[in-house]
Amino acid sequence: MNIKGISSLTAILSKNSEMQLPEKTGYKVLALLAVSCIMIPCTVIVGFISYVMTEALLEAGSPGGGMLFEMQILSAFSMIFGILVIFSVLFFSSDREHFVTLPIPAHHLMMSKFLFAYFAESVMEFLILIAVFVGYFLAIGRNIGIGAALNPISLIAAILGVALIPLVPMIYCAIFSLILMAVLKGVKDTKIFYRMSTIFLLIFAGIFVYSLRGIGEINMENYVESLGSGKNLLLRTLNAVFFPVPWLSEAISGGSFLYLLLYIIGNAALLCVLFFLGKALYQTGLYTAASLGSSKKAEVKSSDIIDQSQFIASFLKELRVILRTKAFSGNCAYINVLWPAGAWALFHFTKDKPGMAAFIEMYQSGRERADMILIIIVIGVAFIATALNSLASTAFTREGQHLSLIKFIPVPYETQMYAKGFLSLIFTYPALLITDIIICVYMKAPFYIGAFYAIVMLLAHILSIIIGMMMDSSSPYVEWDDEYSALRGNLNTFFNMAVMMLLSVIVTGLGILLYELLKLPIGVYYMVILVSLTIATVRMFSVGKKRILDNMEKM
């Protein structure tokens, strides 16, 4: 194995396949904001959860159980969401035709692409794993002393774990991709592969639901007890699939050098399996990928050509790009189902629990604090849902290397801009409305309250669309290799999420200050929220529209 050549090729891929931070002061501020509003809060929350779970499992006699469960859950989600990325990077990136003509062994190219995808996909997971281990060591140190908890073997094992835990699921994804491409050689259809991530997610969800059987009342205390007893079906299944992780857990919790050595050997063995399997199958897989989708295209008939307005034609073009591209449809369109489904699940399964039942009763009895909490939640969902689906923050990035066409097609910039904004509206706002209805039904809120929520959600959503499109039109990421890179490597999406989180805090915080400090009635609180969002949206629409059109002119 030419390690030096593989590492050099990996470095080249890394430089050319991710959006570079624009040399603008505003983007440096956004980068700091993203770190402060997303990365740091996420790691702190995960670290706290790790600390609490470790404390609970100490009493159950399994101090490493919480850490092991978190590592295995991260491994499972890495595999579920990484499989399509690995498949796309290995076989369908736009640089495939360029590399195959170079005197580079196919399996070396495969390893370089794999390592690039592994590091690109795992940055946030590295931070989360650091938080998991910090929370674990703090909980253990509180009971036996931090010096005893941080023995050299445990510390080395934790550092290795941060770097290597995402490796095993990604290796599985790559192996599965190689084998499936060998099968596709005869099938000539990639649809079967693109459904794999959904199948894996359903299997994972099914095992999780089944693991709830036999624990009695479904609550965190009973579930943690099942983890400590070693009878949890989900954990046992994940321990079998990601078999090196329990060895790492033993190395950290017990300070065992033998288990640390086993963990290193297990990862090295899987990496060798991937290398030799790639040597045998990757070249053939590239040929298969080149031949897929080469079937005869349907002939365009005169009857297929219809007369449409410029706006409708532009909108339908945007719609087809989203629905016909697996990466965009899953991450931009169907992800919006998360909000109504999550709201229903939250109320359906917890409405009789003490905490939720008390909150519902407090709201129905007219307690103003409950009204305030609910409006904060509603506005937060509206802001975050728009940023999470990235429809607005990739509006121009999705054009890729054909971005310049927006200047040459006979459609005004303003019409194209409205078509892109309307796309985000029709995919996001109906999901927000359904979420609003679900919340109001379970909370037994009056109709006018539901209508008020619908209005403030719409205002927050429009505001988020404008900001997202402003950011993406300012510095669109067009040099992407595949659609997953357009989403994963686009800094505008990441920054937009941070801005939306900060904005939701500012808008709701203003109302809270007026309510808590000035003791204003809840009706005035509602008016402050409505007026603030209306002014912000109208002003941003005026400024943002001009900015977006100016950016389109400069593209």
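Are F452 and Y526 buried or exposed? Both residues are buried, as the first of these close-up views of a predicted model shows.

**View 1. A stacked aromatic pair formed by F452 and Y526.** The rings of F452 and Y526 lie 4.7 Å apart, centre to centre, with 10° between their planes. This pair links distant parts of the chain, since the two residues are 74 residues apart. F452 belongs to helix α22 (residues 447-474), whereas Y526 belongs to helix α25 (residues 522-554). A search of the whole structure finds 14 aromatic pairs.

**View 2. An aromatic cluster and a charge over a ring.** F114, Y118, F119 and F126 together form one aromatic cluster. Elsewhere in the legend set, the charged end of K420 sits over the ring of F396, at 5.2 Å from the ring centre.

**View 3. The largest nonpolar core, with 86 residues.** Within this core, the residues with the most contacts are M71, F91, F133, I252, L274 and Y282. Helix α5 (residues 106-144) supplies the largest share of the core, 17 residues. Another core, of 48 residues, lies apart from it and includes F359, V378, L432 and I522. In soluble globular proteins, nonpolar side chains tend to be buried together.

View 4. Why does N496 count as buried? N496 counts as buried because its relative accessibility is 1%, and buried means under 20%. Leaving aside residues up to four places away in sequence, N496 touches A387, S393, S464, I467, G468 and M471.

Notes. Residues are numbered from 1 along each chain as its sequence is written. This is a predicted model: local features need pLDDT of at least 70, side-chain atom pairs count only at pLDDT 80 or more; totals for chains, interfaces and linings use all residues. Side-chain values use heavy atoms; hydrogens and water are left out. A nonpolar core is a set of buried Ala, Val, Leu, Ile, Met, Phe, Trp, Tyr and Cys residues joined through side-chain atoms within 4.5 Å. Buried means under 20% relative accessible area, exposed over 50%, partly exposed in between (1.4 Å probe, protein chains only). Helices (H or I, at least four residues) and strands (E, at least two) are DSSP runs, numbered from the N terminus. Rings of Phe, Tyr and Trp (its six-membered ring) pair if their centres lie within 6.5 Å; planes under 30 degrees apart count as stacked, over 60 as edge-to-face and the rest as tilted. A charge sits over a ring if NZ of Lys or CZ of Arg is within 6 Å of the ring centre and within 35 degrees of the ring normal. Contact means heavy atoms within 4.5 Å.
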